[in-house]
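Let's walk through this fold by way of its charged pairs. Have a look at the structure first, and then we'll go pair by pair.

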Amino acid sequence: MMMLELPKDLVEEILSRLSATTLKRLQSTCKQWNDIINDREFAGKHFSKAAKQHLVVMLKNFNVHLVSVNVDEIHNDIDPSIKDIGELSLNKPYQVYINGMVHCNGLLLCITKGYTPMVWNPCTGKINWVVEPSRAYDVYDKFAFGYEYKKSCYNFKILRIQYVCGRKTHTYTTHGKEIYDFNSSSWRTLNVTRIWPLISRVVSLKGNAYWFTYEYKEGVRNSSLLSFDFSKEIFGNICVPFQFNGDYLVELSVIRENKLAVLLQRWALEIEIWITDNIEPNGNGVSWNHFLAVDLGVTIPPFSDVFSYAMSFFIDEDNKVGLIWDNNKGVRVHIVGEDYYREIVVGENGICLPLMCCYVPSLLQI
């Protein structure tokens, strides 16, 4: 019996077990498969059932590049391998320059060179441009990306926080907050309390957004981990398991789409990484595990280079290492463990930003 003769629901069940990249290669097999793979309802079912491919992407020359990462044998004295595989091309006739990105369920919220956001699914090639807001986009705008999951459907949304930078004080104040709802293709004002400036990149986990922010109290800069629940459209504070002030560097990362990781860097050389067991948007019931603590001044003396502020990272739980990206003397990846250090240059040629994120291909549509 040929696959075409099988009942449609059985065909869907079989296809829903295959990876998104495999299904894209099979899309042209026959009309029935093409219709199923392009169906919005099937895409949601597929995302919940199929095995996830956990890939890595980075920004290079204002484009998104796929990166190969292999650290599986480092503890057997085999060198790690990190290579730029090549650009993930936008479908013609699109030619855009990307300054930033946030990953959510296989979709990339890309901030273009003109500060205009767009949502791109690199696996399917589909692009959704965002309607212009009433107030023009600005270099100081910050964006978060997430969704409301309701009746087995993903309603994706964008949070825009508008900042104004004081010319004399060089401090940032919040000008406004807006939500873009893809279901209505419109912006609306979000009436919430003041949000202080970001000091980390924004990440998305299970539909909600997270980032570090700071505020001054009695002349002291205090930092905190903030969340935004896209279903309830409310902000929350998340407890962190360490004490830190505004002079420390902090960054966020998402682990295999189910955990949040925090990197804390003290005094340039001291690094700690913590990961969550679970996390709720309101911050209740958060459980943190200490993953790694490294003093680079002791691990690899003499160590004089300092990670730049604009860095990103992810961790390999199996091999107990963190991979930290920065753009000091080109884009470098620092692979650090409690008794391990290697440095690999991946961005000598071209304009590179120290921005990478884990990417999970999917068929989801806006």
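Arg-201 forms a salt bridge with Glu-251, with 3.9 Å between the closest N and O atoms; the term covers a side-chain nitrogen of Lys or Arg within 4 Å of a carboxyl oxygen of Asp or Glu. Arg-201 sits in the loop between β11 and β12 and Glu-251 in strand β16 (residues 249-255), so the pair ties together parts 50 residues apart in sequence. Arg-201 counts as buried at 15% relative accessibility, and Glu-251 does too at 4% (buried is under 20% relative accessible area, exposed over 50%, partly exposed in between, with a 1.4 Å probe and protein chains only).

This is a predicted model, where local features need pLDDT of at least 70, side-chain atom pairs count only at pLDDT 80 or more, and totals for chains, interfaces and linings use all residues. Residues are numbered from 1 along each chain as its sequence is written, and side-chain values use heavy atoms, leaving out hydrogens and water.

Next up, Glu-233 and Arg-188 meet in a salt bridge at 2.5 Å, N to O. Glu-233 lies in the loop between β14 (220-229) and β15 (234-238) and Arg-188 in strand β11 (residues 186-189), so this pair ties together parts 45 residues apart in sequence. Glu-233 is buried at 15% relative accessibility, while Arg-188 is partly exposed at 34%.

Then there's Arg-160 with Glu-178, a salt bridge at 2.8 Å, N to O. Arg-160 is in strand β9 (residues 153-165) and Glu-178 in strand β10 (residues 172-181), 18 residues apart. Both Arg-160 and Glu-178 are buried. A search of the whole structure finds 13 salt bridges.

Note on methods. Helix = DSSP H or I, 4+ residues; strand = E, 2+ residues; numbered from the N terminus.
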